[in-house]
Amino acid sequence: MTPKNHSTANRALPHLDKHPDQLSDHRPDHRPDLRPDQRADQRPAHRDVLLREALRAELPVARRLRRELHADPRLSGEEGPTLERVLAALPDSRVERVAGTGALVRIGGPGPAVGVRGELDALPLTERTGVPWASANGAMHACGHDVHLAAVVALARAVARVTAILDTRDTPPEAGYESVTGHERPAPLMVVLQPREESHPSGAADVVGSGALTRNDVRAMIGAHVQPVLDAGVIACTPGAVNASADEFQVTLKGVDGHAAYPHLARDPVVAMAQVIVAAQQLVSRVADPMVPTVVTFGSVHAGTAPNAIPGEAVARGTLRTLSPSWRETLHAQFAALVEDVARAHGCAAEVQVFPGEPVLVNDAALAVRTGELLRANGRTVSDELRSCGGDDFAQYGELMPSLMMFVGVDTPAGLHSPDFLPDDAVVDEVAESLLAGYLAASAGDGARLSAPPGT
């Protein structure tokens, strides 16, 4: 689809007060306030300070947007209404539709850009939180995507606001911006509104496969995800592998059916499958390097229909996970060989299918360290230790360019994907601040010195 182009430099940011009862206090022309005790020569002039102040001004509106998105979630592949609502909240800018129900929105002018991802889709859950703004349509933002989207909108509006301020030639000196020079303008920001994070085929893979990020000269990708295993107020900014590859498998064992009273005349695929399930755990404890996290999970096993008959076939499905890209393919091969050998020992034939899912999510080390420094400098508690064998298709962006996924602690008794999961509105602020820190780190100081072009 042909992108539409609109300049953001001197346009007022769109009001979110299309719902005035929710958003009446938004001031699109707001500029960072000065403390009464500041002298003119102490007023905030540096671009990064302006961005932080502008972000702070956007947060009340972002919190309310979060509730609006939470109340009307849409499932994977059906995100159109969510996409349109988010686009309406963003500055009028260059929009390119991607991956079916997704879009890229460029904030700022031409040149190398920093990407920031927001996930559009919800889960097929019936919400149990009981809040007035709970979903009632059979879908639910039970993984924090409403929070992430609201934070992305806040960042995008802040970048557009500061870009407009610095592009206004007649800004009065008393406003405190006179020492900001042209080379300090914010780097272009590419908002990636991604569909289908919660389902396959992966929305991120489709965004990457479209070539849109390369065409738009996106040089780095930033993301943040709420995480209840972290204490509230803690932001994990971990270099290296932080999420595992997640590949699904299906094992089909074919034996010889028969009467339950005469097992010697049959070849029982159920017993063989039971041995496969137990033996597969030895891949973790006796084949994988103990220093390499590996998980083999059988989540579904089906065989037979009658209690007094030995079936001719058993089928199991599950996942293979690891934090090592190099061990991943070997794990697949070792798993298939083990299944075939165990099946053969029980007189059965085996068919093993592995369906590649998300790759290992690897955070760029330099980007993680720099972002952590910026967060600490602004009073945030930062951890560099969180890793998990969960998967996220954000890993697809890391295959193309330096990327960083941060995790933001939340205080909620319910875990991710629970019908009771409901982070506090204040988490929108923390996610937005994390995204801003990642954006500034990727901008490399002057808004232009981004990393080498993607794919090089």
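# Exercises on salt bridges, a sheet and its helices

The side chains of E68 and R85 meet in a salt bridge, with 2.4 Å from N to O; a salt bridge here is a side-chain nitrogen of Lys or Arg within 4 Å of a carboxyl oxygen of Asp or Glu. The model is a predicted one, in which local features need pLDDT of at least 70 and side-chain atom pairs count only at pLDDT 80 or more, while totals for chains, interfaces and linings use all residues. Residues are numbered from 1 along each chain as its sequence is written, and side-chain values use heavy atoms, with hydrogens and water left out.

**Exercise 1.** State which helices hold E68 and R85, and decide whether each residue is buried or exposed.

*Solution.* Begin with the elements, where helices (H or I, at least four residues) and strands (E, at least two) are DSSP runs numbered from the N terminus. Next take the accessibility, for which buried means under 20% relative accessible area, exposed over 50% and partly exposed in between, with a 1.4 Å probe and protein chains only. E68 has a relative accessible area of 15% and is therefore buried, and R85, with 14%, is buried too.

**Exercise 2.** Find which residues are joined with R66 into one network of salt bridges, and trace the pairs that R66 makes with D146 and D425.

*Solution.* The network, built from salt bridges that share partners, joins R66, R67, D146 and D425. In one of its pairs, the side chains of R66 and D146 meet at 2.8 Å, N to O. Because R66 belongs to helix α2 (residues 47-71) and D146 to helix α4, this pair ties together parts that are 80 residues apart in sequence. The side chains of R66 and D425 also meet in a salt bridge, at 2.7 Å from N to O. Since D425 sits in the loop between β16 and α12 while R66 is in helix α2, that pair ties together parts that are 359 residues apart in sequence. As for burial, R66 has 0% relative accessibility and counts as buried, and D425 counts as buried at 12%. The structure as a whole holds 27 salt bridges.

**Exercise 3.** Give the order of the strands in the eight-stranded sheet, and say which strands stand at its edges.

*Solution.* The eight strands form an open sheet with mixed pairing, in the order β1-β2-β4-β3-β5-β16-β6-β15; two strands pair if DSSP finds at least two bridges between them. At the edges stand β1 (94-98) and β15 (381-383), each with a single partner strand, so one side of each is left without a neighbour in the sheet. From one strand to the next the twist averages 25°, where axes are lines fitted to C-alpha atoms, for helices over the stretch in contact, and angles run from 0 to 180 degrees between N-to-C directions. Within the sheet, β3 (residues 113-119) and β5 (residues 218-227) pair in the parallel sense over four bridges, and V116 stands opposite I222 in β5.

**Exercise 4.** Determine which strands helix α4 and helix α12 lie across.

*Solution.* Helix α4 (residues 145-167) lies across β2 (102-107), β3, β4 (189-194) and β5, and runs at about 150° to β3. Helix α12 (residues 427-443) lies across β3, β4, β5, β6 (234-236) and β16 (403-409), and runs at about 155° to β5. Contact means heavy atoms within 4.5 Å.
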